[in-house]
Amino acid sequence: MTAPPGVRSLLAGGGLRTVGLLPRASNYTFLAEVTDGSRGAPVVYKPRQGESPLWDFPPGTLCNREVAAYLVAEALGWPGVPPTVLRDGPLGEGSVQLFVRAEPGEHYFTLRDRFADEFRRVAAFDVLVGNGDRKSGHCLLDADKSIWVVDHGLCFSADPWLRTVIWDFAGEPLTDSVAEDLGRIAAELRTGPLRVSLSDLLDRTEIDAAAERAEAL
């Protein structure tokens with residue numbers, strides 16, 4: 001479950017052009033392309049100015065949360081969140097995430113029995129980040145049979161909540177390796193480079209709340 005080498009630099013520095021709006025999105029969500037010389041990749045571009053106002057999240061912060069979720073997943077080593085950066089684009093600053101070419105017809109409810117261990121980690125991740133919008137269709141299977149999870153704009157609320165379709169593993173103990181990773185991340189959320197990176201994206205109370213959830217897990 002790896003992205004191509006150098007993809008983050010491509011996402012951050014390549015030329016960005018929109019191709020078209022993706023259907024059934026509640027906010028402006030564009031299929032776009034980044035190119036840099038001979039390199040190129042399809043991406044999902046979510047501009048800040050296209051975000052619909054919400055009563056439970058500060059305005060204009062959903063793209064920040066998309067990037068924060070990627071940074072936390074990268075630090076954990078799981079689950080598979082596609083590389084995501086915050087950058088300027090044709091419609092202003094927004095999140096730019098590597099587009100996953102997903103197998104059609106696959107989603108959480110078709111995948112859970114085949115990839116139960118991966119989804120146990122997804123469930124733990126969703127508790128950690130306080131995911132307020134885990135839908136079945138946010139779980140993707142690529143051609144290499146790797147699981148990716150997307151759409152993390154409604155994460156990192158300072159309030160304790162979880163809205164998800166993944167309840168199959170409720171009450172199960174965490175594996176030792178997952179618990180160890182969460183303990184490490186709890187410390188990194190308190191102090192260290194991860195907290196510094198997230199402080200550019202999230203409010204201090206939101207980072208502290210994520211640390212508390214990691215410690216509780």
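Pro79 is placed in the loop between H2 and E4, where helices (H or I, at least four residues) and strands (E, at least two) are DSSP runs numbered from the N terminus. The peptide bond joining Trp78 to Pro79 is cis, with omega about -15 degrees. The model is predicted, and local features need pLDDT of at least 70, side-chain atom pairs count only at pLDDT 80 or more, and totals for chains, interfaces and linings use all residues. Residues are numbered from 1 along each chain as its sequence is written, and side-chain values use heavy atoms, with hydrogens and water left out.

Positive phi values occur in two residues other than glycine. Arg24, in the loop between E1 and E2, has phi near 65 degrees. Arg24 is exposed, at 82% relative accessible area (buried means under 20%, exposed over 50%, and partly exposed in between, with a 1.4 Å probe and protein chains only). Phe156, in the loop between strand E7 (147-149) and H5, has phi near 70 degrees, and is buried at 1% relative accessibility. Most residues other than glycine have a negative phi, and most peptide bonds are trans.

An open sheet is formed by five strands in the order E1-E2-E3-E5-E4, with antiparallel pairing; two strands pair if DSSP finds at least two bridges between them. Strand E1 (15-21) and strand E4 (84-87) are the edge strands, each pairing on one side only. Strand E2 (residues 30-36) is joined to strand E3 (residues 39-47) by seven bridges, and Leu31 has Val44 in E3 as its bridge partner. Helix H2 (residues 62-76) packs on the sheet and touches E3, E4 and strand E5 (94-98), contact meaning heavy atoms within 4.5 Å.

Helix H7 (residues 204-216) contains Glu206, which is buried with a relative accessible area of 8%. Not counting residues up to four places away in sequence, Glu206 touches Pro58, Arg65, Phe156 and Ala158. A polar atom of the Glu206 side chain lies 3.0 Å from the backbone nitrogen of Asp203.

Helix H4 (residues 116-129) packs against helix H5 (residues 176-190) at an angle of about 25 degrees, with axes 12 Å apart; axes are lines fitted to C-alpha atoms, for helices over the stretch in contact, and angles run from 0 to 180 degrees between N-to-C directions. H4 is therefore roughly parallel to H5 (under 35 degrees; over 145 is roughly antiparallel, 65 to 115 roughly perpendicular and the rest oblique). Arg121, Ala124 and Leu128 of H4 make the contact with Val178, Leu182, Ile185 and Leu189 of H5.

Conventions. A polar contact is a pair of N or O atoms within 3.5 Å; within protein, one must be able to donate a hydrogen and the other to accept it, and residues adjacent in sequence count only if both atoms are side-chain atoms.
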